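Let's walk through this model together, one piece at a time. Keep the structure open beside you as you read.

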Amino acid sequence: MTTFLSLEPIRVLLYLVGICAFVGGNAAYLVLAERKGAGRIQRRPGPNEAGWAGVLQPLADGLKLLAKQVLVPPGSDSLLYRIAPLMVMAPPLMCLVTIPFGDTVVARNLDIGLLFVFAFGSINVMALMLGGWASRNKYSIMSSARVVSQNVAYEIPMLLVVITLLMMTGTMDLQEITAQQSGGFWNWNIIRGIWDFKAGHIGANLLMPVTFVIFFTCMLAETNRAPFDMAEAESELVAGAFTEYGGMGFGVFFMAEYANIVVGCSVATVLFFGGWQSPVGFLSGGLWGVGWFLLKAYALIFTVIWVRWTFPRTQFYNLLNLSWKILIPVSLFTLMLTGVLIKVPQWLHHLR
Amino acid sequence: MIASKESLPSAAGAGDVDHPTRSPDAPQETFVLNLGPQHPAAHGVLRVLMTMDGEWVQRAEPIIGYIHRMHEKMGENRTWAKFLPNTSRIDYLSAMHYTHAFVGAVERGARIEVPERAEYARVITSELNRISSHLVWWGALLLDLGGFTPILYAFDDREKILDLLEGLCGARLTYCYYRFGGLYNDVDDAFLKGTRDFVRHLKPRLRMYRDLVTDNIILRKRLENIGPISADMCRKYGASGPVIRGSGVAYDVRRAEPYSVYPKLDFQIPTYPAGDSMARYLVRMDEMEQSLHIIDQALDLIPAGPYQAAKVPRVLKLPAGDYSFAVEAARGRFMVRVVSDNKEVPYRVKLRTPSFSNLSLFEEASRGMILPDALAMMGSLDLVIPDIDR
């Protein structure tokens with residue numbers, strides 16, 4: 001049995017099905033979680049009619065969306081209009097291939113995992129732009145333009161932060177990055193950056209918590225989540241790039257948003273919070289690891305939901321200013337700081 | 001820092017970093033954006049025909065009339081009393097003030113003395129209505145800015161006001177509580193006690209709103225220096241209410257043309273000189289506190305006695321003449337002018353509504369703003385579309 005499951009084609013197929021099921025089910029139930037969370041924040045119960053406490057609500061929503069016709073507005077570019085939802089869904093699925101959910105639970109561990117994730121993560125913006133462009137709607141086109149400039153602005157600090165972490169970890173292999181953070185929460189990168197307990201000397205980046213905040217902010221902006229949801233600014237641009245989409249066309253965009261959140265939070269978990277490592281040092285192998293990973297990732301996801309229902313939306317130029325004037329300089333500074341903190345002790349060592 | 005003036009699209013300037021202008025080299029192409037009549041930010045059936053230059057508004061022309069219901073003409077073919085319920089449908093969010101103006105104009109014409117108790121009750125209910133109206137505005141503005149949660153808190157508080165007023169007159173929104181010479185119904189002890197409880201309840205809530213929402217940096221960035229309206233522009237377009245008070249002019253009908261028992265009550269007129277959207281926001285937030293203060297005093301001062309003037313004829317005939325009565329409604333100065341030719345039916349009913357004037361300055365004030373700012377400014381004007389179209 002074990003040998004059968006570990007056959008390469010079978011393994012690939014299983015992971016493919018697993019990832020698709022995970023993304024689909026996760027998106028459906030994150031929508032429910034979001035609505036329930038919003039309900040809690042707004043002092044109301046949220047959806048509670050379909051099934052026990054509303055657990056069947058995603059099913060009802062999904063069926064309703066599936067049953068609706070996907071209308072292609074006259075005069076739109078019908079090919080691009082249909083391709084866009086596919087393009088928005090594919091990148092997060094690809095990213096999940098290399099995310100290590102546990103010490104053995106990873107579809108394909110790649111040496112360049114981190115690069116892979118960010119390479120595919122960037123395609124997302126193209127899909128939103130295409131969708132908005134092909135819709136032939138003024139609101140959608142304005143939204144497309146916003147999405148592009150927003151993503152360009154936020155890609156830079158995000159990648160600077162990632163480079164900072166790369167200098168610290170010395171590898172792009174997500175499994176190895178996780179392995180470096182074993183042994184308890186004090187060894188997670190967010191603390192290891194300040195003081196390396198394993199090596200017993202100062203860490204590579206004293207501003208690690210700030211780095212994490214920058215990463216998290218950029219992730220919110222990249223996934224077009226409030227308070228940076230310029231793509232779907234419903235009080236300004238009706239529904240932004242998705243204005244003309246109906247039925248499952250819209251549903252796929254919606255699912256992709258949640259899939260992107262999962263990818264973003266998973267990467268944050270791996271990079272800053274030790275991936276599947278246990279916070280106490282033991283109970284970290286096998287299914288425990290998967291449990292820890294999901295716990296950490298979902299804690300971040302709930303933070304994302306919490307932020308959305310707490311803050312008003314930023315204005316577009318404030319958003320760009322935040323990136324160009326605060327996030328990029330600060331992340332450049334942390335990058336330099338990391339370089340200094342890594343190199344100076346090495347020189348000192350050589351001198352001795 | 002002032003965005004709307006310096007960033008006129010035609011002006012070739014670098015602009016402020018926070019509010020950059022278009023590049024002078026960019027091609028001079030514009031497109032027309034029909035904002036509304038079905039648009040989430042229009043709060044009703046307002047249509048704004050926007051000539052856009054990219055994200056910049058070059059010209060925003062409000063097109064009104066989608067829910068015109070001919071209230072003024074209706075006034076000319078029904079008796080004085082039969083027109084009374086119409087007034088509360090004009091601005092459904094501040095119905096008390098609107099009925100007050102019409103009732104006041106008729107009382108002036110018919111020389112009806114209103115008992116003291118009724119006047120105090122009118123002040124209490126009017127101020128409650130002002131608070132409920134401002135709460136709706138507050139929630140809706142935050143909704144325009146993309147904050148979803150505040151409106152549910154605001155409606156939670158507003159619900160309490162609606163319950164109180166429902167207990168008095170049976171209506172929750174379009175009240176017809178004031179009658180010629182007094183009230184439909186006496187204010188009972190349950191209402192007075194409930195109002196006291198509500199005042200106690202809302203004070204800490206307003207503090208919470210200030211801490212959670214007003215001081216939020218995103219909100220401040222969205223409203224400060226956005227859509228400045230000078231006092232001159234307010235005068236030019238006849239803007240009133242929180243809009244003119246947000247431009248530093250302490251004009252309040254309750255003080256400028258005192259009516260009811262307002263002269264006996266102590267309250268301040270909150271003004272902010274900045275004239276930006278934040279100033280209008282803060283004026284309304286302060287007004288809610290002032291309204292609570294007025295209610296507090298009125299509850300202490302309300303005398304016992306009749307709530308309705310004796311001998312008001314069932315079918316009124318106003319002596320020939322021209323009578324007007326202005327009130328400070330939640331959105332500004334609302335005035336009813338009635339002309340009587342000594343018949344049972346008015347000769348003319350003229351309604352001067354504040355939202356109409358407040359909207360008319362939008363075209364000038366929004367020039368050169370970017371779309372989200374223009375909509376934030378529109379939200380800060382607190383428009384009620386039936387009040388514009390009436």
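In this predicted model, strand 2 (residues 47-53) of chain B is joined to strand 3 of chain B by seven bridges, and the two run antiparallel. Look along this pair and you will find Met52(B) opposite Val57(B) of strand 3.

Now turn to helix 7 (residues 189-214) of chain B. Its 26 residues, at 1.5 Å a residue, should span 38 Å, and because its end C-alpha atoms lie 35 Å apart, the two values agree. Thr195(B), Leu202(B), Tyr209(B) and Val213(B) are buried in this helix. Their cover includes helix 5, helix 6, helix 8 and helix 12 (277-301) of chain B.

Some of these elements also meet the other chain. The contact draws 30 residues from chain B and 24 residues from chain A. On the chain B side, strand 1 (31-35), helix 5 (116-144), helix 6 (150-169), helix 8 (217-223) and helix 15 (371-380) each supply at least two residues. That side of chain B comprises 17 nonpolar, six polar and seven charged residues.

Finally, look inside. The largest nonpolar core has 193 residues, and Ala268(A), Ile301(A), Ala101(B) and Val336(B) have the most contacts within it. Helix 11 (residues 247-272) of chain A gives this core its largest share, 16 residues. Beyond its neighbours within four places in sequence, Ala101(B) is in contact with residues including Phe325(B), Phe334(B) and Val336(B).

Conventions. Residues numbered from 1 in each chain as written. Chains lettered and ligands numbered in written order. Predicted model: local features only at pLDDT ≥ 70, side-chain atom pairs only at ≥ 80, totals over all residues. Contact = placed C-beta atoms within 7 Å. Helix = DSSP H or I, 4+ residues; strand = E, 2+ residues; numbered from the N terminus. Nonpolar A, V, L, I, M, F, W, Y, C, P; charged D, E, K, R; others polar. Core = buried A, V, L, I, M, F, W, Y, C linked by C-beta atoms within 7 Å. Buried ≥ 20, exposed ≤ 12 C-beta atoms within 10 Å, placed from the backbone. Expected span 1.5 Å × (residues − 1). Pairing = 2+ DSSP bridges.
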